[in-house]
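Here is a short briefing on selected local features of one protein chain. Keep the sequence and the 3D view open as you read.

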Amino acid sequence: MAAVVETEALTKVYQPGLGKTGVLALKDLTMSVEEGEVFGLVGPNGSGKTTCLKILLGLAYPTKGKARLFGKSVFDLSAKERVGFMPEAPYFYDHMTGEGLLNYFATFFGMGRRERKERVNELLNLVGMHERRSMALRYYSRGMLQRIGLAQALLNDPALLILDEPTSGLDPIGSYQIRALIREMKTRGKTVLLCSHLLGEVEALCDRVAVLHRGNMLALGQMKDLLPVSERATVIAGRLSEEAMAELKSKWQVAGPSNGMVEVLAQNPEEVNSIIDFVRGHGGEVYEIVRPRQTLEEFFIRAVRGDQEAS
């Protein structure tokens with residue numbers, strides 16, 4: 001797949017003023033976002049996420065290194081035309097209606113009246129705001145503003161969608177709706193760069209993730225590689241006699257029985273096989289084998305703490 005976003009040794013140092021020490025916001029960041037994937041950028045406050053987005057959007061200049069969109073400089077207008085951006089807390093003129101706002105922004109893309117009308121209607125329906133199209137933005141809830149913000153980011157039918165904390169402050173229903181829209185964008189072939197503090201959300205949505213801390217990239221990879229399945233497993237079994245159940249408990253750690261089923265903890269794949277053989281050899285039945293996987297939150301905390309302790 002072609003790289004939509006590329007950074008190469010990207011570094012940013014903010015200079016607060018003469019005689020003051022510069023602040024390192026980003027250090028030698030090298031990564032790529034491939035066409036058609038949802039890519040997560042995570043890290044604690046001050047990790048460099050926002051700085052990275054600003055550089056990609058052409059709102060800040062790197063101190064050194066390179067950043068490219070679709071193989072071109074981030075300052076190339078032909079590349080910018082293919083990008084949609086939704087900021088963390090979108091601010092719009094609150095006297096405008098949702099429909100008026102989208103019509104206003106659509107004029108920047110050179111759309112004629114008929115094209116604007118069709119595109120605005122399409123997006124209002126997509127984000128579930130068609131019934132509130134004539135309401136002034138000052139009366140919109142946070143979730144409604146987020147959805148209209150996503151609609152404006154999609155006006156130019158961008159190939160790359162950059163979302164900064166898209167579900168921040170939303171209730172569970174609003175968050176679910178935004179996540180569903182992000183999945184819809186992926187099915188439509190869009191590339192999504194998602195920046196979020198909600199690690200469970202990133203884990204559920206993203207194909208790959210980069211973890212930043214103090215301007216450094218601590219980890220980069222696919223979820224299945226960063227969050228491997230544990231060797232430990234729980235074997236759920238049943239239909240065992242009292243004698244077999246007693247022997248099972250003497251050999252392994254067992255929870256239950258409950259409703260005729262027991263949960264047997266195995267420390268490794270060899271123990272899993274031994275438990276299965278035991279259960280079946282005593283006339284029982286194995287219903288399920290559950291292998292826990294490390295969460296992105298657990299991985300994130302371990303990586304950040306490790307970096308703090310090493311410094």
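Contact here means heavy atoms within 4.5 Å. The model is predicted.

- T191 sits in strand β8, which covers residues 191–195.
- Its relative accessibility is 1%. Buried means under 20%, so T191 counts as buried.
- The T191 side chain reaches the backbone nitrogen of G36 at 2.8 Å.

**Backbone geometry**

- A cis peptide bond joins G256 and P257, with omega at about 10°.
- P257 belongs to strand β12, residues 253–258.
- E165 is not a glycine, yet its phi is positive, near 50°.
- E165 lies in the loop between β7 (160–164) and α6 (172–187).
- R239 is another non-glycine residue with a positive phi, here about 60°.
- The place of R239 is the loop between β11 (233–238) and α9 (242–251).
- E165 is buried, because its relative accessible area of 4% falls under the 20% cut-off.
- R239 is exposed, because its relative accessible area of 61% is over the 50% cut-off.

**Helices α3 and α5**

- Helix α3 spans residues 98–106, and helix α5 spans residues 142–153.
- Their axes come within 10 Å and cross at roughly 25°.
- Angles under 35 degrees count as roughly parallel, so α3 is roughly parallel to α5.
- The crossing of α3 past α5 is right-handed.
- On the α3 side, the contact is made by G98, L101, L102 and F105.
- On the α5 side, I148, A151 and Q152 make the contact.
- What kinds of residues make up the contact of α3 with α5?
- Five are nonpolar, two are polar and none is charged.
- Gly counts as polar, so G98 of α3 belongs to the polar group.

Conventions: Residues are numbered from 1 along each chain as its sequence is written. This is a predicted model: local features need pLDDT of at least 70, side-chain atom pairs count only at pLDDT 80 or more; totals for chains, interfaces and linings use all residues. Side-chain values use heavy atoms; hydrogens and water are left out. Helices (H or I, at least four residues) and strands (E, at least two) are DSSP runs, numbered from the N terminus. Buried means under 20% relative accessible area, exposed over 50%, partly exposed in between (1.4 Å probe, protein chains only). A polar contact is a pair of N or O atoms within 3.5 Å; within protein, one must be able to donate a hydrogen and the other to accept it, and residues adjacent in sequence count only if both atoms are side-chain atoms. Axes are lines fitted to C-alpha atoms, for helices over the stretch in contact, and angles run from 0 to 180 degrees between N-to-C directions. Angles under 35 degrees count as roughly parallel, over 145 as roughly antiparallel, 65 to 115 as roughly perpendicular and the rest as oblique. A crossing is left-handed if the near helix is turned anticlockwise from the far one by less than a right angle, and right-handed if clockwise.
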